[in-house]
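User: I am new to reading protein models. Could you walk me through some features, one at a time?

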Amino acid sequence: MLCLGERLKASHLIVFCAILLLGVSAKAFSAEYPVAEMDPKGYPAQNTGCLAPGKCHAGIEPIRAHNSEMAKQIYDMGSKLGDPNGCVVCHGGDPKEEKDAKKAHTGAPEGSPLDTFVLHSASVWVNQKICGQCHKEWVYAQYRSIMQTEAGKIQGAVWGWGPAGTGYAAKYGNYDVDDPDGPEPVFGTAAYKEYTKELMKAYPDNFPAKLVQVPKTDVANLKEKPHEAIYTYIRTDCQRCHVGVKGRNKRGDFRGMGCAACHIPYNNAGLYEGGDQTVKRDETGHAMVHSIQSSRKAKVVVNDVVYSGIPHETCVSCHNRGKRIGVSFQGLMEFPYGSPFTADGEKQPKLHTKVYQFIKDDTHHKLKSREGNPEGGLLCQDCHATTSLHGNGNITGTLLANVEVECSDCHGTATLYPWELPLGWGDEFGRELDMNKPRGLAKEPLENSRKYATLYPPQDGYLLTTRGNPLGNVVREGDKVTVHSASGLNFEVPTLKSINLKNNWQNRKAAIAAKIQTPGHLEKIECYGCHSAWAPQCYGCHVKVDFSGDKKATDWVAAGNTHFPDGHTAESIREGKPPVAPGVAFGKTSENRSYLRWENPVLGINGEGRISPIVPGCQQITTVIGPNGETLIHNKIWRTPPNTEGGGVEGQRGIDMAPAAPHTTDRQARECTSCHATAKALGYGTHDGRYLQQYTRGIYVDIMNEKGQLVTKTAQFQISPIPDLPMDLDQVVTREGEQVQSVGQHWPLSGPLTKDQRDHMERVGVCLSCHKEVPTGKFAYRVLSRAGSVLGLVPKTDQEHQQLIGRALYLAATVEVFGGIIIATLVAFLVIYFVFRRKKKA
């Protein structure tokens, strides 16, 4: 399903829960290209040109296996440019020069599309001439993808800064960009393209025709416009993960640019481990080896260990903040402590500048193979196809505009196999679907997959995503589904209908109640609404932007917009130093939080109109320090535009709870009571929001008299006030129905649970006291339920149900009251009888 140029970093906040493979069957694979073909000694012209021994790159790994089609094409193209080893195809330079590295790294051969030597050959700023020689559509798409523009992240950030906001519309990006080929996606089936165009028409705010670069802060007028501090916050802190730059040089964050952001492996340390002797082994910022990682057939060899596919860790180099789906998938959540100690008595080594606690990894992260290997699981790319990662050629303003897979695409429902579901199932956006129009199967993968990707036998056909594209690595075999992972393992997917037909539920009672007896669950709730084991909840994003003194920071947007013919940007490393430094902004940002939680998250409604977990998105509580050190705003919560998010003419608080797919899937679902009988899940806050209610006035902890007056003049706030925060940050709605913060700022359908939903769920919570056993529990319950069903006595209306409960309670009370009297009377009678009888005998 993947190939060179077919995978870039998963877009921010991308949902890979879409194909929830709860099954475990796997088998090893046969390498399409033997490992021997990755031998550095196998180049066509060994020890010549760029591979000459001495000062040159002898010993460097091949970019792909020597006998792969890609390598053959590169060697052929290189031969025509005077370099049989093909180095100049991607890098330019002079292949004839074997003595002077500086001369060798100058210019480009005649006939090359390049006009200079290129170091970062996959960089966004040069890959059109390099990767684009073969992968033109992918290069076009990735430049407009949300991983390059980050339009959704920017719109979500400015949403919480009052006048800086753009409402629900995505207006800004990291770069000025348009879409000259129009609304037609460059990838996809006719059904997918039609589906996408209908979404674009319905939600134009999320599919802009163009973006303009996010503005810079006008520092000179900051006192009059303190909200513009958000632009410095965005540019210096939020935007380092887009693929137009290399990003932060910290452990776990090392990666390439452009196509290399995903397709070239970097280890956490950013150190080279290959055979090129010109690369310093103790200098950070280098790729792990000089080989492409992509599909199953693209093998990578590191330290004599072989792997294929794109490891999770590549994706997590960016997906470790925001909704944190990358680290969550691995089972990790950040905590402040750094325990337990290492063997030398130190705290944990920082990863992504944080320390972590292990909670529980996603069930797809590690799936036991048939050979007994418990480590091999699904890769991110096994669920997220090319349109989700590279983009489809259109500009999008949110991740949900890109993600085209749902759990049911592989698992189906309890009554329908995946191929029996209509297109759009789980992705309804409020539409009514024709359940009599099954989506069927595809006989061939996408055209781009047929050209480049690892191809798998279709068996009975390739499964389709909910938006109509074939999943080229997921096939039907009778009533079974097989997923071919890019890692080389093959997994059998448990389809819910097969489990139901065989009555083979792991937790039979709960599964039948949730999936069979309550069909509304599958129709209205995301699968991960129940099957997410936990979710990272980082409440309160306290942001300080400080312009005092000479404070400066890297401006990742300016750095990316300052780029050079050799692929460098203003922030990428050249001999240990940036080539130029316009990528610097005045002002420095720092962040803090209120508190962390991981237990059962709040529920709300996502953009598709389905119930899903919601987690703190951008709950921004803002402070701005001016150039002269004056505090311009302090712990301010800005308001959204008037009459948005249930906020009336004043607007809603600009702190946001975001719908999310946590990527912490577990076979064992949430307990019914964790949703139906828990105030937090319903949006009312922990224990009905009774905590954290004094922030509006702040907290003093010092000597006071009996009237609460401070005695000492040295007192200072222990906890400074947040004027517009009268509630706990996990509360989204009051019992009276007042919404108190925004829920999702991209799609009109997202929001808190409706009053009807909340009331119904709480009523069901009461019902659970009986229906944990009725009708499938203990013997007596089953007999009564069966008898009532046969006799037609099962209640069908609320009134009939109330009457039944009333009779049952009356009977129970009668039995308990009069039963006790009767028993006591019988006991007394028996005692008197035996006493009288004994006296009579005496």
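This is a predicted model: local features need pLDDT of at least 70, side-chain atom pairs count only at pLDDT 80 or more; totals for chains, interfaces and linings use all residues.

User: What holds the strands of a sheet together?

Analyst: Strands of a sheet pair through backbone hydrogen bonds, either parallel or antiparallel. Strands (E, at least two residues) and helices (H or I, at least four) are DSSP runs, numbered from the N terminus. Two strands count as paired if DSSP finds at least two bridges between them. Take the open sheet of four strands in the order β8-β9-β10-β11. Its pairing is antiparallel.

User: Which strands stand at the edges of that sheet?

Analyst: β8 (462-464) and β11 (490-493) do. Each has a single partner strand, so one side of each is left without a neighbour in the sheet. The twist averages 45° from one strand to the next. Here an axis is a line fitted to C-alpha atoms, for helices over the stretch in contact, and angles run from 0 to 180 degrees between N-to-C directions. Look at one pairing: β10 (residues 480-484) joins β11 over four bridges. Threonine 482 of β10 faces glutamate 492 in β11.

User: Where is there a sheet with mixed pairing?

Analyst: Look at the open sheet in the order β15-β12-β18-β19, which has four strands and mixed pairing. Its edges are β15 (588-597) and β19 (631-636). Each has a single partner, so one side of each lacks a neighbour in the sheet. Neighbouring strands are turned by 15° against each other on average, direction ignored. β12 (residues 537-546) and β15 run antiparallel, joined by nine bridges. Glutamine 537 has arginine 597 in β15 as its bridge partner.

User: Which helix lies across this sheet's strands β12, β15 and β18?

Analyst: Helix α8 (residues 229-236) lies across them, with β18 at 620-625. Contact means heavy atoms within 4.5 Å. The helix runs at about 110° to β12.

User: How do I read a hairpin?

Analyst: β18 and β19 pair antiparallel over three bridges. Valine 624 has isoleucine 633 in β19 as its bridge partner. Five residues separate the two strands of this hairpin, and glycine 629 in the turn has a positive phi of about 90°.

User: How many residues lie between β4 and β5 in their hairpin?

Analyst: Two. In that turn, asparagine 303 has a positive phi of about 55°. Strands β4 (residues 299-302) and β5 (residues 305-308) pair in the antiparallel sense over four bridges. Valine 300 stands opposite tyrosine 307 in β5.

User: What should I look for in the backbone of a loop?

Analyst: Serine 339 and proline 340 are joined by a cis peptide bond, with omega about -5°. Proline 340 sits in the loop between β6 (332-335) and β7 (355-358). Histidine 352 is in the loop between β6 and β7 too. It has a positive phi of about 55°, although it is not a glycine.

User: How many salt bridges are there?

Analyst: The count is 24. A salt bridge is a side-chain nitrogen of Lys or Arg within 4 Å of a carboxyl oxygen of Asp or Glu. One of them joins aspartate 666 and lysine 360, at 3.5 Å from N to O. Aspartate 666 lies in the loop between β20 (656-659) and α21 (672-676), and lysine 360 in the loop between β7 and α12 (380-383), so the pair ties together parts that are 306 residues apart in sequence.

Conventions:
Residues are numbered from 1 along each chain as its sequence is written. Side-chain values use heavy atoms; hydrogens and water are left out.
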